[in-house]
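This report describes selected features of a structure with the chains labelled A and B. The text is to be read alongside the sequence and the coordinates.

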Amino acid sequence: MANDSLPPNQRRFFLTIVLGGISAVLSVAAGWPVFRFLSPASGGGEVKPVEMPRAKIDVGGAQFFTYHGSPAVVLQKSAGEFVAFSAVCTHLGCIVKWIPDKEEFLCPCHAGRFSTDGAVLGGPPPKPLKSIPVVLAGDLLRIG
Amino acid sequence: MSLFKGLMDYLDVRLGVRDLIRQNLTGYLVPRRANFFYTLGAVLLALFSLQFVTGLLLLIHYRPDAANAFASVQSIMNDVPYGWLVRYAHVVGSNIIVIALLLHMLSVLFMASYKKPRELTWLVGFIAFNLALALCLTGYLLPWSQLSYWATTVATDAAGAIPVVGEMTVRFLRGGAMVGEATLGRFFALHVMGLPLLLGAVIGLHLFLMRRAGISRPPFGPDYEPPAPLTTFRHEDHPDGIPFFPHYVTKDLAGVFFFLAALAWVIFFAPVLFIPPTALEPADPFVTPPHIKPEWYFLWAYQTLKIFPSKVVGLGAQGVFMTLLAVLPFLDIGPERRPAHRPLFVACYSLGILLMVALSIWGHYS
């Protein structure tokens, strides 16, 4: 018979390659749907700005909200002057809180401090808070 | 190859893996005549593993509360990438498992593999079969569709026929007077944690018993003779058999892939085969849909309850039947395993299958 002329180790090598190839194809066919199933939902392209009535924020007060799926904060520094930042501390990702008495943001995890402009005042954060554009349109704030 | 050999040497020094492999894989000989039905154990292990993985994935998006359960399943089907595939695999997989379980049981019955010394293997397997059905029943409620809701109402209501404690049992099963939030909570807990843990342990025990006694030789062929009665423990060896690995594993894999192909066929070509239209409407406790029926594997029990004049008698008949099946190895104690030499058993076996099929068809069309 023709295949008797092949040494057993060559046949075994051939079978290993074929089985390995089939296993790889099947693994990818099964693994890809699982990977896609577990992948986080995509943003779906353009992200809408967040709208909020200006009356919700007192002068010297802050309001927390969700922006692009993560916490953010909008602050009225003085009458009509609004700024917004990501509320995620740039050190290890904790959420900062607004301290009205000191007029600064404090990260409760490792005492990182940020100014009303988002700049680092003290503590371990390596970078300022990420700024988010704010537009005042009548009585409505458009953030983002 | 030298890397593989190095790894094997490392493990061999510490764990004696070469010895383990020889004892349990390459040097472990199994019956040469093992047929397709012998692969059903491996098929079931593969299918249960698939249920475990797909169930785990579904848990990520499923919400076990009455207000959100249906919507979360719809979201899995329509919004989550490949969510439909995962859910269909889980739903169809559960039905294929019941088919494989029935074939496994029927083949063991036909070949009388439940006989001494394997009575406990059968009994533990029978418990596993019932746990699998309980998993099907509890999982059926979770999508919180009209079908889920009313099929569970009917199924739990059957327990009300038990004398004295019937009503209390129904309330206990449901967590209240009617199927509701409490039922969903307890069925969910049972389905994702309680029953799988129990089933895993029972399957482990089943495999241990099977491995300890050895695989039974098929009772066919001219050279088969019933073995002499055992008086002491003896592992059934097959000196003329084939190695478990790779020969028998190849057979097992053929069985596994056959069933996986059947599963894939249903998922892609007949995905709603096991999903009637009432499964696509959210549960409404105030509107009972017409012709509500249990799953196909419970139809025989459903019809039995209907044909007996009293529900107690119907439930009792089911109980007697299941108990007889469970203790069969302790009643049928003769050493003969060849079907041709057991005409009475084969007649009862064939009539029993016909009766079950007839009752199920009757239940479906009634």
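In this predicted model, helix α11 of chain B, residues 299–307, is mostly covered, with seven of its nine residues buried. The buried positions are Leu299(B), Trp300(B), Ala301(B), Tyr302(B), Gln303(B), Thr304(B) and Leu305(B). They pack against three helices of chain B, namely α7, α12 (311–331) and α13 (343–365).

Just after α5(B), Ala112(B) adopts a positive phi of about 55°.

The largest nonpolar core comprises 54 residues, and those with the most contacts inside it are Leu44(B), Leu47(B), Ile97(B), Ala100(B), Ala132(B) and Trp144(B). Two or more residues each come from α3 (40–61), α4 (69–78), α5, α6 (119–141), α7 (146–158), α9 (181–213) and α10 (244–269) of chain B. The greatest contribution is that of α5(B), with 12 residues. Around Ala100(B), once neighbours within four places in sequence are set aside, the contacts are Leu40(B), Val43(B), Leu44(B), Leu47(B) and Phe259(B). A second, separate core has 18 residues, among them Ala84(A), Phe85(A), Cys89(A) and Leu141(A). In soluble globular proteins, nonpolar side chains tend to be buried together.

The contact between the chains involves seven residues of chain B and five residues of chain A. On the chain B side, α5(B) supplies the largest share, three residues. By class, this side has six nonpolar residues, one polar residue and no charged residues.

The domain assignment divides chain A as tabulated here.

| Domain of chain A | Residues |
|---|---|
| Domain 1 of chain A | 2–38 |
| Domain 2 of chain A | 50–143 |

The C-alpha centres of domain 1 and domain 2 of chain A are 55 Å apart.

Chain A also contains a β-hairpin, formed by β2(A) and β3(A) with two residues between them. Strand β2(A), residues 62–67, pairs with strand β3(A), residues 70–78, in the antiparallel sense over six bridges. Within this pairing, Phe64(A) has Val73(A) of β3(A) as its bridge partner. In the turn, His68(A) has a positive phi of about 55°.

Terms used:
Residues numbered from 1 in each chain as written. Predicted model: local features only at pLDDT ≥ 70, side-chain atom pairs only at ≥ 80, totals over all residues. Helix = DSSP H or I, 4+ residues; strand = E, 2+ residues; numbered from the N terminus. Core = buried A, V, L, I, M, F, W, Y, C linked by C-beta atoms within 7 Å. Buried ≥ 20, exposed ≤ 12 C-beta atoms within 10 Å, placed from the backbone. Contact = placed C-beta atoms within 7 Å. Nonpolar A, V, L, I, M, F, W, Y, C, P; charged D, E, K, R; others polar. Domains from an automatic or database assignment. Pairing = 2+ DSSP bridges.
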